[in-house]
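Visitor: I have a few minutes at the screen. Could you walk me through this model?

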Amino acid sequence: MSRDRKISVRSVMGGILCVIFIPVIFINLTLIISTYTKPGEIPGVFGIKPVIVLSGSMEPVIQTGDMIFLHKTDPDLLQTGDVICYLDSDQAITHRIVGIREGEDGQVRYVTQGDGNNTADRQAVSADQVQGIWRGGKITGLGNGIMFMQSTTGMILFMICPLCLFILWDIWRRHKLDKEEAARTALLEAELEALKAE
């Protein structure tokens, strides 16, 4: 493979990596900033909030370890049968609305229940607790993968090991380029000496 073609392949690979990683970095930064600017809410991007499901209360529709995507919604438009996510003591709970009633303060309350549970939740949900509505978007098992990546073992496998491999590859690449440059220099010097000898 010629030197120009190698540079072209590297440029294309670099462009592909930028296209993949720049949006990921942007989304992560947005989620991190949202966590600090809106501490009482689940962080999201463009009105969509990713949530990892940690219990089986919504099985079989939503499994433990799934990542679901919530959409921003007007609580006044919610109806019986909608699946909502709400915060209760800073814990995110995703359950289905099984009833709507008026509380003692005159405000609307949503009676919720997990599809896999036998009874409705003890406390009705107020509008200000609602974080979003689930419209069916999910990635099966992705939540388990993300939770693993946040563990010590996961961070070693997916962050430290790739970083070490990249550093080793870069050292090897630089060494190879230095050898090629030295070989070219030696060849030029040999040709120069040959010309002088003539």
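This is a predicted model: local features need pLDDT of at least 70, side-chain atom pairs count only at pLDDT 80 or more; totals for chains, interfaces and linings use all residues.

Visitor: Which pattern does the protein chain follow along the sequence?
Guide: The protein chain holds three helices and seven strands. Its 198 residues include 24% that are buried. Read along the sequence, the pattern is α-β-β-β-β-β-β-β-α-α.

Visitor: Which residue in β2 is the bridge partner of Val51?
Guide: Start with the faces of β1. Lys49 and Val51 lie on the covered face, while Ile48, Pro50 and Ile52 lie on the uncovered one. β1 and β2 run antiparallel. Across in β2, the partner of Val51 is Ile68.

Visitor: Which residue takes a positive phi in the hairpin of β3 and β4?
Guide: β3 (residues 83-88) and β4 (residues 91-102) run antiparallel and are joined by six bridges. Leu87 has Ala92 as its bridge partner in β4. Two residues sit between the strands, and the one with a positive phi, near 55 degrees, is Ser89.

Visitor: And in the hairpin of β4 and β5, which residue in the turn has a positive phi?
Guide: Six bridges join β4 to β5, again antiparallel. Glu102 stands opposite Val108 in β5. Five residues lie between the two strands. The one in the turn with a positive phi, about 85 degrees, is Gly106.

Visitor: How far apart in space are Glu59 and Gly116, C-alpha to C-alpha?
Guide: Glu59 is in the loop between β1 and β2. Leaving aside neighbours within four places in sequence, Glu59 contacts Thr64, Asp115 and Gly116. Glu59 and Gly116 are 57 residues apart in sequence. In space, C-alpha to C-alpha, the distance is 5.3 Å.

Visitor: Is Glu59 exposed, partly exposed or buried?
Guide: Buried means under 20% relative accessible area, and exposed means over 50%. Glu59 has 31% relative accessibility, so this residue counts as partly exposed.

Visitor: And Ile171, buried or exposed?
Guide: Ile171 is in helix α3 (residues 152-197). The cut-off for exposed is over 50%. At 52% relative accessibility, Ile171 therefore counts as exposed.

Visitor: How much accessible area does the nonpolar patch with Ile171 have together?
Guide: The patch is on the surface. Its members are Leu163, Leu165, Phe166, Ile167, Leu168, Trp169, Ile171 and Trp172. Together their accessible area is about 890 Å².

Visitor: What share of the accessible surface of the protein chain belongs to carbon and sulfur atoms?
Guide: Take the total for the protein chain, about 14,000 Å². The share belonging to carbon and sulfur atoms is 62%.

Terms used: Residues are numbered from 1 along each chain as its sequence is written. Side-chain values use heavy atoms; hydrogens and water are left out. Patches are made of residues with over 30% relative accessible area and no salt bridge: like charges are joined within 9 Å, nonpolar side chains (Val, Leu, Ile, Met, Phe, Trp, Tyr) within 5 Å. Accessible areas come from the Shrake-Rupley method with a 1.4 Å probe; for residues, only the protein chains shown count as cover. A salt bridge is a side-chain nitrogen of Lys or Arg within 4 Å of a carboxyl oxygen of Asp or Glu. Helices (H or I, at least four residues) and strands (E, at least two) are DSSP runs, numbered from the N terminus. Buried means under 20% relative accessible area, exposed over 50%, partly exposed in between (1.4 Å probe, protein chains only). Two strands pair if DSSP finds at least two bridges between them. Contact means heavy atoms within 4.5 Å.
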